[in-house]
Amino acid sequence: MTSTSPSAASTYDVVLIGGGIMSATLGAMLRQLEPGLSIALFGRLDDVALESSNGWNNAGTGHSALCELNYTPLRPDGTVDISKAVNVNEAFQVSRQFWSYLVETGQIPSPRDFLTPVPHMSFVWGAENVDFLKRRYAALQQHPLFEGMSLSSDGAQLRQWMPLVMEDRAPGQKLAATWHPAGTDVNFGALTHRLVDLLRGRPGFELNLGQEVEDLKPAGNNEWDISVRAMHGGAERRVRAKFVFVGAGGGALHLLQKSGIPEARGIGGFPVSGQFLRCTNPEIVARHQAKVYGKASVGAPPMSVPHLDTRVIDGQRGLLFGPYAGFSTKFLKQGSWLDLPRSIRMDNIGAMMAVGRDNMPLTKYLIQQVLQSSEDRLRALRDFVPTARKEDWELITAGQRVQVIKKDPVRGGVLQFGTEVVTGAGGSIAGLLGASPGASTAAPIMLTVLQRCFGARLPQWEARLREMIPSYGVKLGQDAALCAQVRARTRTALQLDG
């Protein structure tokens, strides 16, 4: 993909910073809602989707809480809290609706370019964990968003669902799993390319790759002056924007800090790197067709729940197991080792120190992960694949994640696991911080950006928003008929029937 030639104009209605799924989703939405907007996208690398959105830089799970046990914590009274699971599933249904609209209107040729139906499973062992899974299943079964889930502790059924996981498993173990056919594997890199292609096919869009945004400052009249430097050759350029979206992954924090908006004061970032074991041996890959999630170990962050995933990247099938957490001071996979120290300011150092004080189990966990040997990683893999051989799996490095640190009046600072939209300057700037469920919820996140930053235009956009997202303004969990209708429509449009 090459950069579009810059237009003569240096002022844009919208500037998107970052070449990943978030910027691409917002650009595609705005193009549907108001085709006349002038939009420029700036990415520092030579193609889009080379950081966290890249297919092999994430697990590709369409996060809908069908399998992720960390979204359903156990309460002190022994009941299972499904509120976060419901919210995550609701959000993913919005993304499914937006993608379906683009497919139905011919703007994305085929959903198979980026989306593959893959059953989602939760898998546990041990009496206590089996009991938890049964309670979780019972709680989710009462909600229309989770209709179609099955539970079993029968060995024959488990072997049918996940033959590779059950092969050569020690007899006598208490095992249980849930299975849901409506799971998905998403190639967010391919989806980003499709969305950018959609934008490039219309007038008024400018794609600038190999161009790093170094600074952004208020320019008066609720506009922004943006300083850009070419990664190759170092040529500098200044542009002006009426609205700026900072969707630069881990690089967003630095730019929001430079913007000077009060809403970014006091926010820090904690970078966590991740690694996976990948298998592309066709004989092994053919024996596993699911995303199988287990329980996180004690002290592990929620994003480190172990899982064995079927992946389909550009037609190539493979398996991923992990993640194995690590630590790097970089905020981007292709970032600088100085990213973390440069992010520390007088307004956020107190919160960051408080988080360090209060998260010793996490620190210990990360140290243990960093010091793991290849044999340690193989032992963790064999919890899921008892027959795993070292020679069939290679270690790959995933995208960098930066968790949000915020001030807290009681504890001084808290570490947040999730995504957060930061807006300021009367809605003329927005940025996205955080990680999982991230890409899966890009569409609802961008609806939040629209509501906060384009509120005056929403009344004239509402009819089109309902065309794009039929459940717009409605909670599917509170309308069983609409929930069934939306799920059926998106299942057909996205070819998720098998």
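## Leu476 and its contacts

Leaving out residues up to four places away in sequence, Leu476 touches Glu90, Gln93, Gln97, Leu145, Ser471, Leu482, Cys483 and Val486. Contact here means heavy atoms within 4.5 Å. Leu476 is placed in the loop between α14 and α15 (480-493). Helices are DSSP runs of H or I of at least four residues, strands are runs of E of at least two, and both are numbered from the N terminus. With 0% relative accessibility, Leu476 counts as buried. Buried means under 20% relative accessible area, exposed means over 50%, and partly exposed lies in between, with a 1.4 Å probe and protein chains only. From C-alpha to C-alpha, Leu476 and Ala91 are 9.9 Å apart in space, while 385 residues separate them in sequence.

## Basis of the model

This is a predicted model, in which local features need pLDDT of at least 70 and side-chain atom pairs count only at pLDDT 80 or more, while totals for chains, interfaces and linings use all residues. Residues are numbered from 1 along each chain as its sequence is written, and side-chain values use heavy atoms, with hydrogens and water left out.

## The two sides of helix α14

Helix α14 spans residues 458-468, and Leu458, Trp461, Leu465 and Met468 are buried in it. These residues lie on the same side of α14 because they cover an arc of only 65° around the axis. The arc is taken from the directions that run from the helix axis to the C-beta atoms. An α-helix has 3.6 residues a turn, so residues three or four places apart point the same way.

Pro459, Gln460 and Ala463 are exposed on the other side of α14. The cover over the buried residues of α14 includes α1 (21-33), α2 (83-104) and α13 (442-453).

The axes of α13 and α14 are 11 Å apart, and the two helices pack at an angle of about 155°. Axes are lines fitted to C-alpha atoms, for helices over the stretch in contact, and angles between N-to-C directions run from 0 to 180 degrees. The pair α13 and α14 is therefore roughly antiparallel. Angles over 145 degrees count as roughly antiparallel, under 35 as roughly parallel, 65 to 115 as roughly perpendicular and the rest as oblique. α13 and α14 cross in a left-handed way, meaning that the near helix is turned anticlockwise from the far one by less than a right angle, whereas clockwise would be right-handed. Leu447, Leu450 and Gln451 of α13 make the contact with Leu458, Trp461 and Leu465 of α14. This contact of α13 with α14 has 5 nonpolar residues, 1 polar and no charged. Ala, Val, Leu, Ile, Met, Phe, Trp, Tyr, Cys and Pro count as nonpolar, Asp, Glu, Lys and Arg as charged, and the others, Gly among them, as polar.

For α2 and α14, the packing angle is about 90° and the axes are 8 Å apart. α2 and α14 are therefore roughly perpendicular to each other. Gln97, Phe98 and Tyr101 of α2 meet Arg464, Glu467 and Met468 of α14. The contact of α2 with α14 has 3 nonpolar, 1 polar and 2 charged residues.

## Packing of α1 against α2

The helices α1 and α2 have axes 12 Å apart and pack at an angle of about 55°, which makes α1 oblique to α2. The crossing in which α1 passes α2 is left-handed. On the α1 side the contact is made by Thr25, Ala28, Met29 and Gln32, and on the α2 side by Phe98, Tyr101 and Leu102. By class, the contact of α1 with α2 has 5 nonpolar residues, 2 polar and no charged.

## Backbone exceptions

Most residues other than glycine have a negative phi, and most peptide bonds are trans. Ala65 has a positive phi, near 65°, and is found in the loop between β2 (39-43) and α2. Ala65 counts as buried, at 0% relative accessibility. Asp168 also has a positive phi, near 60°, and is found in the loop between α5 (163-166) and β6 (175-180). Asp168 counts as exposed, at 66% relative accessibility.

The peptide bond from Gly322 to Pro323 is cis, with omega near 0°. Pro323 lies in strand β15, residues 316-326.

## Arg379 in helix α12

Arg379 is placed in helix α12, residues 374-382. With 51% relative accessibility, Arg379 counts as exposed. From C-alpha to C-alpha, Arg379 is 49 Å from Val14 in space, and the two are 365 residues apart in sequence.
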